Amino acid sequence: TVPTSSSSPTSLPTVTNPVPEYQKATETGERTLWVVFVVMTIAMIVFSGMSWSVPIADQSKRLYHIVTTLIVTFAAISYFAMATGHGIGYHHVRITEQHEHVPDTHKDIYRAVYWARYVDWSLTTPLLLLDLCLLAGMNGGNILLAVVADIIMILTGLFAAFGSEGTPQKWGWYAIACIAYLVVIWQLAVHGRHTVSQKGGKVANFFAAIAGFTLIIWTVYPIIWGIADGSRNMNVDEEIISYAVLDILAKPVFGAWLLFTHMSMPETTVEIGGFWSQGLGNEG
Ligand code: RET
């Protein structure tokens, strides 16, 4: 051990454990990242194939296909980054052990934080919300509010992931993210449910089912975050596997459900005005 500092002239010097501990993925975690990369890539090919099968004259029926294909495309890119070792930072914590007659010791712990996830989520969760908002037929103002609150949730979540422990920083950011998440839920549960009821029972029931599914899956994310990044009670591999399962449910499974239902339920077609549904220049 190497003495680094002394807190007061009369006390013993504090020493730092010279061997820091790195907490990172093993082969299990890395293999999981590759598997999800493959799943997202297959979903991307299937969803874009489904979009090609929609006649060119029916562009308004392709909007969900485009949004949903973009979602799995971003996910595939972000999983490629993480599987090849990109988009990973290290969060540092120093643990001090106090001793009576020997110097205090420090242990430095560096834990892998996959910040590429947050880049993915900041692009894909707004698009997932857009799918749901379009299905419900929400107005532009409410869609904007839901999307902006969602982006705030993800970015403040990223700050929380690198926030220091033992100060208000980490859990302060987490609390702000949770408030933003409540705004998102509010938009869907109140405004989404209200506008979709005007589209008739069939669409309203489908919206209730797929938005309910989304709400359950999304709510598990901050719980996993709290256990893995917050209280450090989950190792990096377990964190990777948990998010892998959630990501597959939230993106390819959600997307397949939406697109297949949309094909057999013409009432789900987006009807919010020329820009989104008609194609520019097609109206005159
Ligand atoms: C964080 C931590 C801070 C508090 C909250 C969070 C919520 C994250 C959510 C993520 C959803 C991700 C999805 C990914 C798609 O594949 C950022 C974890 C509230 C809701 C759906």
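User: What should I know about the numbering and the model before reading the labels?

Analyst: Residues are numbered from 1 along each chain as its sequence is written. The model is predicted, local features need pLDDT of at least 70, side-chain atom pairs count only at pLDDT 80 or more, totals for chains, interfaces and linings use all residues, and side-chain values use heavy atoms, with hydrogens and water left out.

User: How many helices and strands are in the chain, and what counts as one?

Analyst: The chain has eight helices and five strands, where helices (H or I, at least four residues) and strands (E, at least two) are DSSP runs numbered from the N terminus. Read along the sequence, they follow the pattern β-β-β-α-α-β-β-α-α-α-α-α-α.

User: Why is Arg-62 called buried?

Analyst: Buried means under 20% relative accessible area, exposed means over 50%, and partly exposed is in between (1.4 Å probe, protein chains only). Arg-62 has a relative accessible area of 13%, and therefore it counts as buried. This residue lies in the loop between helix H1 (27–52) and helix H2 (63–83). Leaving aside neighbours within four places in sequence, Arg-62 is in contact (heavy atoms within 4.5 Å) with Ser-51, Val-54 and Ile-56.

User: What makes the pairing of Arg-94 and Asp-108 a salt bridge?

Analyst: A salt bridge requires a side-chain nitrogen of Lys or Arg within 4 Å of a carboxyl oxygen of Asp or Glu. Arg-94 is partly exposed because its relative accessibility is 42%, whereas Asp-108 is buried because its value is 8%.

User: How do you know that Glu-165 and Arg-232 also form a salt bridge?

Analyst: Their side chains meet at 3.8 Å, N to O, which is within the stated cut-off, so the pair counts as a salt bridge. Glu-165 is in the loop between H4 and H5, and Arg-232 is in the loop between H6 and H7, 67 residues apart. Salt bridges that share partners join Glu-165, Lys-170 and Arg-232 into one network. Glu-165 itself is called partly exposed because its relative accessibility is 31%.

User: What makes a set of residues a nonpolar core, and which members touch the most others in the largest one?

Analyst: A nonpolar core is a set of buried Ala, Val, Leu, Ile, Met, Phe, Trp, Tyr and Cys residues joined through side-chain atoms within 4.5 Å. The largest has 73 residues, of which Tyr-114, Leu-135 and Phe-207 touch the most other members. H6 supplies the largest share of this core, 13 residues. Not counting residues up to four places away in sequence, Phe-207 touches several residues, including Leu-132, Leu-135 and Leu-188.

User: Why is Leu-123 called partly exposed?

Analyst: Leu-123 has a relative accessible area of 38%, which lies between the buried and exposed cut-offs, and therefore it is partly exposed. This residue lies in helix H3 (residues 116–136).
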